[in-house]
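Please keep the sequence and the structure at hand while reading.

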Amino acid sequence: MGMTLEEKANVLAGTSHWRTNGLSTCGVESLVLSDGPHGLRKQEGVEDHLGIAESVPATCFPTASALACSFDRDLVEEVGVALGEEAAEQGVDVILGPGVNIKRHPLCGRNFEYFSEDPLLSGELGSAMVRGIQSCGVGACLKHFAGNSQEYARMVSDSVIDERALRELYLAPFEHVVRAAHPSAVMTAYNRLNGEYCSQHEWLLQRVLRREWGYDGAVISDWGAMSSSVASVRAGLDLCMPGPRPDHARAVCEAVREGELDELVVDERLSTIARLSERLRESPRPAPVLDKEAFYRAHADLARRAAAQSAVLLKNNAALPLEASQTVAVIGAFARMPRYQGSGSSRINPKFLDNLWYRLEQRGYAATYAEGYEPVMGEATPQQLREAEEAAARADVAVVVAGLPARYESEGFDRKLMVMPRGHVELIERVCAANSRTIVVLQGGAPMEMPWHDLPAAIVLMYLSGCQGGGAAVDILSGDVNPSGKLGETWPERLEDTALGQGFPDVNREVCYRESLFVGYRYYDAVGVEPAYPFGFGLSYTSFAYRDLRIAGDVVSFVLENTGCREGAEVVQVYVSPAKGVVPPPAPRQDLAAFEKVLLAPGEKRCVEMALPVEAFRSWDARAHSWCERLGAYEVRVASSSRDVRLSTYVDVGFEEGAVRLSLCDAPTACAIPASSADVSSRDLYESPYPGCFVSDEAVRAFESLYGDGIPAPPPVTPLTIDSTVEDMGAVWLGRRMFRIIDRVMAGPTGKMDHVQRTMMREMAANMPLRSLTTSGVPLAAVEGFVHMLNGHYLSGLAQVVCALVRAWTHG
């Protein structure tokens, strides 16, 4: 290309926190990147990747955990278009999102950023989001690739996943999005995957992503995720972020000169970045925005519509919708200070923000307000509880707005328990005692225990519904919108009912996915545990009837009728359940194969046709390391949720020219799985290492086959390396004394932060690898010198630190 090796290598790392290096001689333009799974977080002043510094105002849409409940591809794509339009308007080239990691456990602190526990739903909605963003000439960056399912020690932990679970669950949504939507970039996860950091995982990045899936976009590291420059470039990492990282270019150049790295590999990485730059430069963008007020207002209206379409009605004993003449007591600080988004890198500065109290007043209801609890910590004083009871007793209806305060869930740390604040629970119990027509509106990013769920007359789940969630909630309460959301994840009764019990997060560096395929509804089906609310569940103000199931080729068809008196949408779901022996163990009881959201007027009937893809009847053969089509008898279930099967029939599955061919057959004598899993024998279960939890013996065998006789012992903490954490420094004399300095350094900045940000910073600091200092501008050579000092080489290590810092200051 007529460039020096140094020029090429410089392009392989960012030039600032959000900008890539350009190189005019080869047509590579500098690109602007921004966080934004559910809204844009462009920073123009102080830059960070943790959501601490301010960002340019933008629209905050419902988070992925909320949008998933819409089961609406078109709606999610429309949100993606709006994100792309705002990125174009603010001069952003690549949005870092969506995230399609599987929700392995409800306590993961970042679950609000992910769609579902199911790979099909995650893949379909992730593809819709990517298509929407990229229709505006803006790139989407799919993340976090792969096996990132907990926040604790995420930068150093090793996700140990058996091959079949990895392919069928954890890689499946990424494969779906890559093949269906062609994202401009893929972001590697912080963690290791089966022993190797994802940013330098040649099998993951080259064999799977590039060769098997045919991906030709850019591969970008998460911010500070890269461990080894040379290993990462060799494995397939195109761009190291953030910058500047002169040490990255130096290491690459030295490796080429010493014969450790072929310069052709550097050329390949440069070509990928050039291709990304060219594609974004040539993609048409929306016309410049002339009326910014109207532009953002329109997006706020979309955010409200998306939140309303994603709301899930969990319970309704004829309390909803509200009547215009009713007096309403609105109780709970979240009604005025809503919990509408998560914390961390996706923390948006909303252009507009509403709340339920304001919208209810605007709607014309005679309403009173009681705070109920303190909004940050969630605690309720005796006076607040008395005022809430009195307000509820005086009103026709009480609406309690409660859930999870921001301090309970964020990027950077995992939830400790699945409970709501004690003050919220006590408030609900006492208000329900004071008024039998109490409606609870829940705000939060993930499932929570609800021991009080029998008390209210109605429960509406809003999740984290974005900047217009207040208006959306009132749209549901008033009946202006008929709720149609269905749960994109299972809500367990108790933490002890989950597949991992109280064993999450895994505090060992080796995070062992012993439950294998039994995640989410697959686990609850297998062990016969009744969840509080199953996957795919959601009520409506109308009712639907299913009938006339038919099978033709690969198409399942049936008649759906709105039997109520209101227009409404039903999310119809098709599950497939293999007969015993068709799919080798471990075999989930059923898998989601297709879904569709159908809008019907009162009394309207429609023939719904849903094609079942080949992927619904294949599984991964770990011995052959390939996909295998599983022929034989299946039960096809048309359902309103994973536990509410309305129609079913048995089919014999065959394949013809790569397409599925279904033919009706008699029920097999050894049918795999009952629609209700209550008759599953406990003899088929194995007491797992997780407290109070059971997993399938088949799952354990599949997992243990990874390592034969067992999982290798974790590496010793000492000697320390650049991948050792701040917490690991406590193992050595100098490190223990360094903690005092770190505490003093952090005291200043964290003292000005809110509780969530302080918690996030402290937990992240403890689990941060020492190499992460490079994201703050510390030269890697200085980090390596510091590590030498920690390992007892005080003088030589100090000399290396001083030389590295002097060199960095001398060269600017």
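Leaving aside residues up to four places away in sequence, tryptophan 223 touches His17, Trp18, Leu33, His49, Leu96, Met155, Met187, Tyr190, Met241 and Pro242. The model is a predicted one, and in it Trp223 and Phe145 are the residues with the most contacts inside the largest nonpolar core, which has 113 residues. Apart from that core lies another, of 69 residues, with Cys69, Ala335, Val425 and Leu427 among them. In soluble globular proteins, nonpolar side chains tend to be buried together.

Leu96, one of the residues that tryptophan 223 touches, is also the bridge partner, in strand β2, of aspartate 35. Strand β2 covers residues 94-99 and is mostly covered itself, with six of its six residues buried. Its pairing with strand β1 (residues 33-35) runs in the parallel sense over three bridges.

**The six-stranded sheet**

Another part of the chain holds an open sheet of six strands, arranged in the order β9-β14-β13-β12-β10-β11 with mixed pairing. Strands β9 (312-316) and β11 (366-370) stand at the edges and have a single partner strand each, so one side of each is left without a neighbour in the sheet. From one strand to the next, the twist averages 20°. Strand β10 (residues 327-331) pairs with β11 in the parallel sense over five bridges, and alanine 329 stands opposite threonine 368 in β11.

Two helices pack on this sheet. Helix α14 (residues 422-434) touches β10, β12 (397-403) and β13 (438-443), and its direction makes about 170° with that of β12. Helix α15 (residues 469-478) touches β12, β13 and β14 (458-463), and the direction of helix α15 makes about 150° with that of β14.

**Aromatic pairs and charges over rings**

The count of aromatic pairs comes to 18. A pair of aromatic rings is described by the distance of the centres and the angle of the planes, and the table gives these values for two of the pairs.

| Pair | Centre distance | Plane angle | Geometry |
|---|---|---|---|
| Tyrosine 546 and phenylalanine 558 | 5.7 Å | 20° | stacked |
| Tryptophan 620 and tryptophan 627 | 5.2 Å | 85° | edge-to-face |

Because tyrosine 546 lies in strand β16 (residues 544-552) and phenylalanine 558 in strand β17 (residues 555-562), this pair ties together parts that are 12 residues apart in sequence. Tyrosine 546 is buried, with a relative accessible area of 10%, and phenylalanine 558 likewise counts as buried, at 0% relative accessibility.

Where does the other tabulated pair stand, buried or exposed? Tryptophan 620 counts as buried at 4% relative accessibility, whereas tryptophan 627, at 26%, counts as partly exposed. Arginine 618 lies over the face of tryptophan 627, at 3.6 Å from the ring centre.

One aromatic cluster is formed by Phe71, Tyr521, Phe535, Tyr575 and Phe595.

How values were computed:
Residues numbered from 1 in each chain as written. Predicted model: local features only at pLDDT ≥ 70, side-chain atom pairs only at ≥ 80, totals over all residues. Heavy atoms only, no water. Pairing = 2+ DSSP bridges. Helix = DSSP H or I, 4+ residues; strand = E, 2+ residues; numbered from the N terminus. Axes fitted to C-alpha atoms, helices over the stretch in contact; angles between N-to-C directions. Contact = heavy atoms within 4.5 Å. Phe/Tyr/Trp six-rings, centres within 6.5 Å; stacked < 30°, edge-to-face > 60°. Buried < 20%, exposed > 50% of the residue type's maximum accessible area, 1.4 Å probe, protein only. Lys NZ or Arg CZ within 6 Å of the ring centre and 35° of its normal. Core = buried A, V, L, I, M, F, W, Y, C linked by side-chain atoms within 4.5 Å.
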